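User: Hi! I have a two-chain model on my screen and would like to go through it with you, one question at a time.
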Amino acid sequence: MNEDAGPIFRQVADQIENAIVDGSLAEESQAPSSNELAAFHRINPATAAKGLNQLVADGVLYKRRGVGMFVAPGAREQLLKRRRSEFADQYVRPLMTEAQKLGISPRELTALIADWEDQ
Amino acid sequence: MTATAAVTVDDVTMRFREHTALDGVSTTFARDSITGLLGRNGAGKTTLMQLVTGHRVPTTGSVHVFGASPYENDSVLQDVCFVREGQRYPDHFRVQDALSAAAMLFPNWDADLARSLLRDFDLPAKRTIKKLSRGMTSAVGIIIGLASRAPLTLFDEPYLGLDAVARQLFYDRLIADYAEQPRTVVLSTHLIEEIAPLLERVLLIDRGRVLLDDDAESLRHSAVTVSGPAEHVQAFARRHDLLHAESLGGHTRAVVRVTDGDARQAAADTGLTVEPTNLQQLIVAMSLQTPGERAPLQPAPPADLEEVS
């Protein structure tokens, strides 16, 4: 985990979300336990548990008593939907700020993106 | 909080003749948690650990461990393992003698764990401790601290002379064993960056007083480093809690504690460069502040908290 990148529990949650989005952690499959996450990332088990509980609260994971945490059905679609809605703020905003600094107009930017696609 | 506290320190002051080592310290160590006890040399970390482990009695105030005073209290102390910086052993003791002695002392002693740690750290069991290197002697302390499985385990700068590989081994085994058998761990260290992810709580003391006593995750999120034109940085810092600032020409960089989540965006919107501030940077910035004095907006000495021994 990266000490400089904000709360560690959030990073744990993000990483599990990434695995769900890219399909490596399928729906209804078991998520890693907090102890496994703690050992792998070398973090406090309570922090790992906090990350998992966040995902349970968000409905991305669900608990099976005595067994562990599993990826909820529909979790991937839910995450994609959320990430699409956050896309503008997380990616377009910094892009526009930097473009403005460099004097690149929105029109030129659009052309750049179109060129990018052709490559 | 008190119901789940392994250790309660209540308004403790500790004086040695003219010197006040601890000055009105109150804190708790929650049951089954890992706390980093941080601060500069001479801040009072070791004194606090000595009080908690019954090696000293406070001048005023009280210390409770599992609900009782630890001083000369065997029923409490059998549940407490204190791994001291530069721990000494009897001259004739071999590594295995130190481990056998510890096995008799601690009711929860895990002999299998001790054996496997001995292998991990590559320690010669039959060698006299006196003849071990600095780092190997530290490893003996770490093995005792982990294998004791004491409900309260304190490590005071446990890794003098330990190389990076051995330290990593210590962190890995600590996390693995803690996950298997949760207990209360207090760890004092100057290698903040290395242990930061392991910590659940942070207690920072400076000149005998508590500077910070908080959840590690909230602290990680509580400070930002902003840089840009001096007047913009100053304007931003005035609205928050300025900890430390340095300037070069018209450019200023400041470590600022922020209270609301919008502060980062607000700083970025005024054109400042905003960087996250990790635990070590926050601790250094706070320790550089003299009590009752705001950090000046001018060049400051380099931010070395501590040389690594």
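This is a predicted model: local features need pLDDT of at least 70, side-chain atom pairs count only at pLDDT 80 or more; totals for chains, interfaces and linings use all residues.

User: How many bridges join strand 11 of chain B to strand 12 of chain B?

Analyst: Strand 11 of chain B spans residues 241–248 and runs antiparallel to strand 12 of chain B. You can find your place in the pair by B:Asp241, which stands opposite B:Arg257. The number of bridges between strand 11 and strand 12 of chain B is seven.

User: Which residue takes a positive phi in the hairpin of strand 11 and strand 12 of chain B?

Analyst: Look at the turn of that hairpin, where two residues lie between the strands. The phi in question is near 60°, and the residue that takes it is B:Gly249.

User: How far apart are the centres of domain 1 and domain 2 of chain B?

Analyst: Chain B is divided into domain 1, residues 2–218, and domain 2, residues 223–288. Taken over C-alpha atoms, the distance between the two centres is 35 Å.

User: Which element gives the largest share of the side of domain 1 of chain B that touches domain 2 of chain B?

Analyst: The contact takes 12 residues from domain 1 of chain B and six residues from domain 2 of chain B. On the domain 1 side, helix 7 (192–195), strand 8 (201–206) and strand 9 (209–215) of chain B each supply at least two residues. The largest share is three residues, and it comes from strand 8 of chain B.

User: Turning to the contact between the chains, which elements of chain A give two or more residues to the side that touches chain B?

Analyst: This contact takes 17 residues from chain A and 19 residues from chain B. By class, the chain A side has 10 nonpolar, four polar and three charged residues. The elements that give two or more residues to it are helix 1 (8–21), helix 2 (34–41) and helix 3 (45–57) of chain A.

User: Why do the buried residues of helix 2 of chain A line one face of the helix?

Analyst: The buried residues in helix 2 of chain A are A:Ser34, A:Leu37 and A:Ala38. They line one face because, seen down the helix axis, they fall within an arc of 100°.

User: What do those buried residues of helix 2 of chain A pack against?

Analyst: Some of the partners are in chain A and one is in chain B. The buried residues of helix 2 of chain A pack against helix 1 and helix 3 of chain A, together with helix 6 (164–180) of chain B.

User: What is the radius of gyration of chain A?

Analyst: Chain A has five helices and two strands, in the order α-α-α-β-β-α-α along the sequence. For its 119 residues the globule rule gives 14 Å, and the computed value is well over that, so chain A is more spread out than a compact globule. Its C-alpha atoms fill a box of roughly 55 × 30 × 25 Å along the principal axes. The radius of gyration of chain A is 18 Å.

Technical notes
Residues are numbered from 1 along each chain as its sequence is written. Chains are lettered from A and ligands numbered from 1 in the order in which they are written. Two strands pair if DSSP finds at least two bridges between them. Helices (H or I, at least four residues) and strands (E, at least two) are DSSP runs, numbered from the N terminus. Two residues are in contact if their C-beta atoms, placed from the backbone, lie within 7 Å. Ala, Val, Leu, Ile, Met, Phe, Trp, Tyr, Cys and Pro count as nonpolar, Asp, Glu, Lys and Arg as charged, and the others, Gly among them, as polar. A residue is buried if 20 or more other C-beta atoms lie within 10 Å of its own, exposed if 12 or fewer, and partly exposed in between; C-beta atoms are placed from the backbone. The arc is that of the directions from the helix axis to the C-beta atoms. The radius of gyration is taken over C-alpha atoms; the globule rule is 2.2 Å times the number of residues to the power 0.38. Domain bounds come from an automatic or database domain assignment.
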